[in-house]
Each structure stands twice: as C-alpha cells, then as structure tokens.
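Trainee: I would like to learn how to read a model like this one. Could we take it feature by feature?

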Amino acid sequence: MANKICRCHCNTCGDDREHDEISISSFPELNSERIVVTHEITAVSCRGCKTAAIREKIVKDGSEITQLIYKPQRLWLQQPNWVEKLEEVDNTIYGLLVEVYSAANDDQFRLLSMGVRAALDHVMTYLIGDAGSFERKLDKMVEKKHISENQKDMLLVVIDAGSATAHRGYKPPRDLLEQMIAVMQIIIQQHYITGPMLQSLKLKIPPRPTPVESKPHQK
Ligand SMILES: [Zn+2]
C-alpha cells in the first residue's frame, strides 16, 4: 500500500516540504472540557532530506483539529547566523532577538509581536535617541537617513500590529508575523552588521590612482 503524503514544515530543509506519513496509533480521550477527542499519532518523514518526526493531532468532532504537536518541535523560524554577532555589539538587542525567535517557535504569537515592536524601538532609540512617540521616531529616522520613506511605511504597519497586541490583545496571524520579522531583520542587520562591515571594508580598498594628465602630442 502506498504511503500517505502530507505537507508540513521540515526543520532541516527550513521550509514546508512533502512528507511520507505512517499512522502509528489513534485513541479517544476525554479532554478538560469533558468532550471526547481523538489523538492521532503519526510518523512523518521528509521526502527531501529523510528527517523524521512524530506528529500528534488532537481532533474534535471527527474533523476539527484542536492541537497539532510535533516532536521535535517545528522550528518554523530559524535564527539567522548574524544574530550571534550582536552579543558583543549590543547585548540588549541580542537578548531581545533570542527571545523573539524562541517565542516564534513556541507559537507564542502575542509575545512575538510585542517582542518585534520592542526590538525596533530599541534600535531606533540606539540610533537617534528617545525622540518620543513611534511616529516621531520614524520621522527622525527618515530625516537622519537611517531609513527610506518606503521603509518608514513598512515599519509603521509592523509597529501598529505590535501596539495592537500590547494594548488591544490582537493576535497577529502567522503570515503577518513572518512579514513583521522580515522587516525587523532587515533594519537590524542593516544598522548593526552590514553598515559597520561596509565602513571597515571601505578602508581596506586600495585608493584609485590619481589620473596622470596626458601631455598634448607634439608633432
Ligand atoms: Zn527535509
């Protein structure tokens, strides 16, 4: 009999991939609300890299998935390598980012959203000092040429989503969080890593030779 195939995240490939799935067991249980739910235990194996994991699906009323647990846990957000370099430069932003990636992989979406906003606030205060509200900080970031008008518009959306979580209990969906993190990463990497690296590389580039003025050709 052919294996069933499903699509889920692979930690090794770092993306959603096709997996072969083999059912291990399925059993009913009374949950905390005294409702009968079914636990479906399955082994999933990535068709690309062959890494395997165990998936537990908790199903209510025959089709409603109430919980999906993977062992090992699915790391849908990998911490970029450059984050480690921040520890020496700015320990606070390093600590914030480690917590942001940890919240992402624990599906703590509200903490993640507030963490992204806190990280951006820290970067802006680091670059321009405490200029007041987020809007004023963003205006000053543009004025000081740290970001473009386009980046300011993107950051406004990211910060607004973080504020909605902090003050109005908003739980952003995963695709919005992915975009929030992508924008945050660009800003942080640009100011802490790429910018300083380019400055020091610039000093190592041999200067252009001064052009020698050619004498007019004599006949
Ligand atoms: Zn894989």
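Trainee: What is the geometry of the site of the zinc ion?

Mentor: Ideal angles at a metal are 109.5 degrees for four tetrahedral donors. This is a predicted model, and in it the angles among the 4 donor atoms of the zinc ion run from 100 to 115°, so the site is tetrahedral.

Trainee: Which residues coordinate the zinc ion?

Mentor: The SG atoms of Cys10, Cys13, Cys46 and Cys49 do, at 2.3 Å. Along the sequence, these donor residues follow the spacing C-x2-C-x32-C-x2-C.

Trainee: Is Cys10 buried or exposed?

Mentor: Buried means under 20% relative accessible area. Cys10 has 2%, so Cys10 counts as buried. Cys13 has 26% and is therefore partly exposed.

Trainee: How many helices and strands does the protein chain have?

Mentor: There are 6 helices and 5 strands. Their order along the sequence is β-β-β-β-β-α-α-α-α-α-α.

Trainee: Which residues touch the most other members in the largest nonpolar core?

Mentor: That core has 39 residues, and the ones in question are Leu86, Leu97, Leu112, Val116, Leu120, Met184 and Ile188. At least two core residues come from each of H2 (91-105), H3 (109-128), H4 (134-143), H5 (149-168) and H6 (174-204). H6 gives the most, with 9 residues. Leaving aside residues up to four places away in sequence, Met184 touches Leu97, Val100, Tyr101, Val116, Ala119 and Leu120. Another core, of 5 residues, lies apart from the largest one and includes Cys6, Val44, Ala53 and Tyr70.

Trainee: How do I check the length of H5?

Mentor: Compare the expected span with the distance between the end C-alpha atoms. The 20 residues of H5, at 1.5 Å a residue, should span 28 Å; the ends are 27 Å apart, which agrees. Just after H5, Gly169 has a positive phi of about 65°.

Trainee: Which residues of H5 are buried?

Mentor: An α-helix has 3.6 residues a turn, so residues three or four places apart point the same way. In H5 the buried residues include Gln151, Leu155, Val158, Ile159 and Gly162. H3, H4 and H6 are among the elements that cover the buried residues of H5.

Trainee: What is the radius of gyration of the protein chain?

Mentor: A compact globule of 219 residues would have a value near 17 Å, but this chain has 25 Å. The C-alpha trace spans about 100 × 50 × 30 Å along its principal axes. Of the 219 residues, 35% count as buried.

Methods
Residues are numbered from 1 along each chain as its sequence is written. This is a predicted model: local features need pLDDT of at least 70, side-chain atom pairs count only at pLDDT 80 or more; totals for chains, interfaces and linings use all residues. Side-chain values use heavy atoms; hydrogens and water are left out. Donors are N, O and S atoms within 2.8 Å of the metal (3.2 Å for Na, K and Ca); water is not among the atoms, so sites may look incomplete. Four donors count as tetrahedral if all angles lie between 85 and 135 degrees; four count as square planar and six as octahedral if opposite donors are over 155 degrees apart and all others between 65 and 115; anything else is irregular. Buried means under 20% relative accessible area, exposed over 50%, partly exposed in between (1.4 Å probe, protein chains only). A nonpolar core is a set of buried Ala, Val, Leu, Ile, Met, Phe, Trp, Tyr and Cys residues joined through side-chain atoms within 4.5 Å. Helices (H or I, at least four residues) and strands (E, at least two) are DSSP runs, numbered from the N terminus. Contact means heavy atoms within 4.5 Å. The expected span of a helix is 1.5 Å times one less than its number of residues. The radius of gyration is taken over C-alpha atoms; the globule rule is 2.2 Å times the number of residues to the power 0.38.
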